[in-house]
Amino acid sequence: MSTDTPLAKLISRKRDLTDLATVGITTLEDALRRFPRTYVVPGEVTPLDALVPDTVAVVSARVVRVTAKQLANRKSLTTVVLSDGLSDVEAPFFNQPWIANTLTTGRHVALTGKVTLYRGTVQIASPRWLNPTGTESLDDEDLSVPIPVYRATSTIATTRIQRLIRVLLDTAPPEAFADPIADEIRAVNGLPDYRTALEWMHRPVDEHQPQRARRRWKFEEAYALQAELLSRKALAADDRAIALPGAGAGDGDEDGAPRSAGLLGTFDAGLPFALTGSQHAVGDAIATDLAGEEPMNRLLHGDVGSGKTLVALRAMLQAVDSGAQAALLAPTEVLAAQHHRSLLRYLGGLAEPDGLFDPSGAAGDLTTVWAGAGSPGARRVRVGLLTGSLSTAERKRLLLDLVSGRIDILVGTHALLSDTTMFSRLGLVVVDEQHRFGVRQRESLRAKGGDRIPHTLVMTATPIPRTVAMTVFGDLDVSVLSDMPGGTREITSHAVSLDAHPRWLGRILEIVGESGARGEQTFIVASRIETQPPEIDAEGEPVPEVLGVDDLVARVQEHPAVAGLRVASLHGRMDAAHKDTVMRRFAAGEIDVLVATTVIEVGIDVPNARTMVVYDADRFGVAQLHQLRGRVGRDGSAATCFLVTRRAAGSEAMERLETVAATLDGFALAEYDVEQRREGDVLGRAQSGRGSSLRHLSVIRDVEIIEQAREAARQIVAADPGLTGQPALRAAIDRILGAADEDWIEAG
């Protein structure tokens, strides 16, 4: 017997099993953890002639009339009229047709609920039946005890759910209540045991017991997550990586100085700008990690434009200096091609000059960053690009060059994970925007390192919520790029409601035209590829049309101020070659206005882009809007961003856009984002179409509990790294993460 035991082994009545299944209760675990949504503390019985509207009251009287009515959409209304001989009160029961056969005329009934006036008649709204056994007397002690209220359906009432759960609490054997939290940990943290916490939720004797039980459920979730992460980290400590000390290590002159600075030293010497303080600090930490045999597993995060790619490139050059290869894994072909161009642009004359590793031919269109003057015979970095759009011949040649060691750095998408992609000596894996990948995908690339697994550097441009989840729960070492190259960027942002100011769109397009006349470029972002016509939402509210890319291009080009500008479009349904051509032309200044979907969200670097217009901005999340805005003003020049919506001024959507427009601090915005969203979204599960795995814990509000749980988990893992002696804890981990789905760790 365990908590995942099917209810069919515990409940014999088929109707009960069927009805419980309609609310998602099929196992003992489901039932015991189906906690009440609220509690009602009835208080004293109020005479019917003393009922006061907008108060919660308890009434005790006899049924004098019952009427049943069928409503639209297969819904029903059963109205029970009670009388104490002096006054009457109505109790409407929605979607509980069985009430008509249960609360029959003459039966004594005790109900509680909010007193309302409906068309001059006193009613008990959302009535809660207090004496289903038919007892006529209600003593004061019973009325002082909180009554659980469960989420019910038309097929099973909250009172029946309560009764069945209590039966299971009384009949389940002791082994069903195995506690994932050890006795000593509960004692230190002041937590009730599992069985007691369940009693406090389902049968509380006062209002404080559910609150104390909820703290235990928060701790349990945090404890299970921390134990899993610390266990993974402990088990991974036995792995060994290729040591990547860089050039000249252990090969110095008499004074200890290295004979050769290698590619990294040459690259650093030729940079026309100084690294920021945090780039220096993070680079040193990464260099130290790479030099050892313990596999690096580090998360690098920072705000948009903080220079993560440069830090990653320096790490890859250290790997190449050590005789190893590096791989950069990107989520899309557009971003992979952009990374490839960015690496070539950074490397300049240090990159292989013959174009062999640049199938797109884009390298020559970009101004290089590296300003050094290496000697003609100096070592060059060979950078390859592997995507699904390569021809068979190009792919075969590139894979042969890769396995023979002729390629130093390989940039690619999921094609890097293919069994046919073999490295000569893979020493470092850089994963960009890792929330787009799962654990197994990342591990499959790591496994290509042979008997020595490669070091791993994970990059994300969204500091929070993903980074909060990774920092608080993560098994990764965390590095933060806290300052911006060239200082604070100047991006003036405006939230614009076309509902309140319909003519302002014309002025925005005039600004786009003025920007183009100065030789500057503009991004205009659409939320969809195809236009979505106006509709009515679930609440009956009208939703304006949402313009797709092509229709937005037409709308833009209709305006006289934009008529003379070169306008192009970009979206995910274009083939890879077309997308790459458009981006290269935009980067080269051959396009003035690029109307695109979110394919430009990350990695697109066009320094001359100074204006951004996000159309239907209410359709985007806070973090996404901040990412998009980060595409302009990247050279430090003043830039402007318009967040345009057709939602009303004062609406929740407009408030969100105004919050984004008010600050450039990505950390502050992401904290706001977390506070506005369900906790499951913080772990990324909602983005992948699954429900929240965290029902109680908040990664923002429960930091103290998380810290206590992490310390407790650290003690358990130190004694039992694999958690082999903790079956109840392992069951809790599987329940929260999902036994067959552990990609939650990607946060996002």
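Trainee: Where do phenylalanine 219 and tyrosine 223 lie, and how many residues apart?

Mentor: Phenylalanine 219 and tyrosine 223 both sit in helix H8, 4 residues apart, which is about one turn of the helix. Helices here are DSSP runs of H or I with at least four residues, strands are E runs of at least two, and both are numbered from the N terminus. Keep in mind that this is a predicted model: local features need pLDDT of at least 70, side-chain atom pairs count only at pLDDT 80 or more, and totals for chains, interfaces and linings use all residues. Residues are numbered from 1 along each chain as its sequence is written, and side-chain values use heavy atoms, with hydrogens and water left out.

Trainee: Okay, and what do the rings of phenylalanine 219 and tyrosine 223 form?

Mentor: A stacked aromatic pair, 6.0 Å centre to centre with 25° between the planes. Rings of Phe, Tyr and Trp (its six-membered ring) pair if their centres lie within 6.5 Å; planes under 30 degrees apart count as stacked, over 60 as edge-to-face and the rest as tilted.

Trainee: Are phenylalanine 219 and tyrosine 223 buried or exposed?

Mentor: Phenylalanine 219 is buried, and tyrosine 223 is too. Buried means under 20% relative accessible area, exposed over 50%, and partly exposed in between (1.4 Å probe, protein chains only).

Trainee: How many aromatic pairs does the structure hold?

Mentor: There are 5 aromatic pairs. Phe35, Phe177, Tyr194 and Trp217 form one aromatic cluster.

Trainee: Which residue lies over the face of phenylalanine 177?

Mentor: Arginine 195, at 4.4 Å from the ring centre. The test is NZ of Lys or CZ of Arg within 6 Å of the ring centre and within 35 degrees of the ring normal. Arginine 345 also lies over a ring face, that of tyrosine 346, at 5.5 Å from the centre.

Trainee: Switching to salt bridges: how many does a search of the whole structure find?

Mentor: It finds 38, each being a side-chain nitrogen of Lys or Arg within 4 Å of a carboxyl oxygen of Asp or Glu. Glutamate 29 forms one with arginine 735, the closest N and O atoms being 3.7 Å apart. Glutamate 29 is in helix H2 (residues 28-32) and arginine 735 in helix H24 (residues 727-737), so this pair ties together parts 706 residues apart in sequence.

Trainee: Why does glutamate 29 count as buried?

Mentor: Because glutamate 29 has 11% relative accessibility. Arginine 735, at 33%, counts as partly exposed.

Trainee: What does aspartate 179 form a salt bridge with?

Mentor: Arginine 216, with the closest N and O atoms 2.8 Å apart. Aspartate 179 is in the loop between helix H5 (158-171) and helix H6 (183-189), while arginine 216 is in helix H8 (residues 208-236), 37 residues apart. Arginine 216 is buried, at 0% relative accessibility.

Trainee: Last topic: which residues touch the most other members of the largest nonpolar core?

Mentor: Of its 46 residues, those are Phe267, Leu313, Met316, Leu347, Ile409 and Leu428. Helix H11 (residues 308-321) gives the largest share of this core, 9 residues. Such a core is a set of buried Ala, Val, Leu, Ile, Met, Phe, Trp, Tyr and Cys residues joined through side-chain atoms within 4.5 Å.

Trainee: And what does phenylalanine 267 touch?

Mentor: Leaving out residues up to four places away in sequence, phenylalanine 267 touches Leu310, Leu313, Arg314, Leu317, Tyr346, Leu347, Leu350 and Trp370. Contact means heavy atoms within 4.5 Å.
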